[in-house]
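Dear colleague,

Please find below the structure I am handing over to you. My findings follow it, arranged by topic.

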Amino acid sequence: MKTLFSFFLIFCVAFINKSYVHDSEDDLIDLPPVTLVTYQNDMNTIHNDNCTSCHNNPLINASPTSLLTYDPVKKAVNNRDLLNRISSEDSDFLMPFQGLRLSQSTINVILQWNTDGLLEQQITSS
């Protein structure tokens, strides 16, 4: 009888413990909310701080394009020109012109903006 009770007790403990076990490691991680990179929230500051000194109106340092508003910045990223220039290792091709290469975290924000769909502003649901 003692043996039967021991097996029953072990079974109950194992069953109860199983109900508290997570099926995957993802269950254990508290993930931050996903936010989209947008021109208004993220890109505008980056491009004002790093691009508009030359890509202005009038253009400076033989810049081919004014990048003062959302549409031309979106176009420059969409056709990969801007992405190629900011990611370049060639100092003669690198943007910002005659400046330091952007930090990798800044480049990552621009790449994420492209991945997120080049949104001008956050889409809100009603």
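**Packing of helix 2 and helix 5**

In this predicted model, helix 2 and helix 5 pack with their axes 11 Å apart and at an angle of about 135°. Angles of 65 to 115 degrees would count as roughly perpendicular and those over 145 as roughly antiparallel; helix 2 and helix 5 are therefore oblique to each other. The crossing in which helix 2 passes helix 5 is left-handed. The residues of this contact comprise six nonpolar, one polar and one charged.

Which residues meet where helix 2 and helix 5 come into contact? Helix 2 contributes Tyr-39, Asp-42, Met-43 and Ile-46, and these meet Thr-106, Val-109, Ile-110 and Trp-113 in helix 5.

**The protein as a whole**

The protein has five helices and zero strands, and along the sequence its pattern reads α-α-α-α-α. It consists of 126 residues, of which 25% count as buried.

Helix 3 spans residues 70-78, and its buried residues are Tyr-70, Val-73, Ala-76 and Val-77. Viewed down the helix axis, these buried residues fall within an arc of 135°, so they line one face of helix 3. What covers them? The cover over the buried residues of helix 3 includes helix 2 (39-50), helix 4 (81-87) and helix 5 (104-115).

Just after helix 3, Arg-80 adopts a positive phi of about 75°.

**The loop between helix 4 and helix 5**

Glu-89 is located in the loop that runs between helix 4 and helix 5. Is Glu-89 buried or exposed? Its relative accessibility is 70%, and since the cut-off for exposed is over 50%, Glu-89 counts as exposed. The C-alpha atom of Glu-89 is separated by 8.4 Å from that of Arg-101, although the two residues are 12 apart along the chain.

With kind regards

Notes. Residues numbered from 1 in each chain as written. Predicted model: local features only at pLDDT ≥ 70, side-chain atom pairs only at ≥ 80, totals over all residues. Heavy atoms only, no water. Buried < 20%, exposed > 50% of the residue type's maximum accessible area, 1.4 Å probe, protein only. Helix = DSSP H or I, 4+ residues; strand = E, 2+ residues; numbered from the N terminus. Arc of directions from axis to C-beta. Contact = heavy atoms within 4.5 Å. Axes fitted to C-alpha atoms, helices over the stretch in contact; angles between N-to-C directions. Parallel < 35°, antiparallel > 145°, perpendicular 65-115°, else oblique. Left-handed = near helix turned anticlockwise from the far one by under 90°. Nonpolar A, V, L, I, M, F, W, Y, C, P; charged D, E, K, R; others polar.
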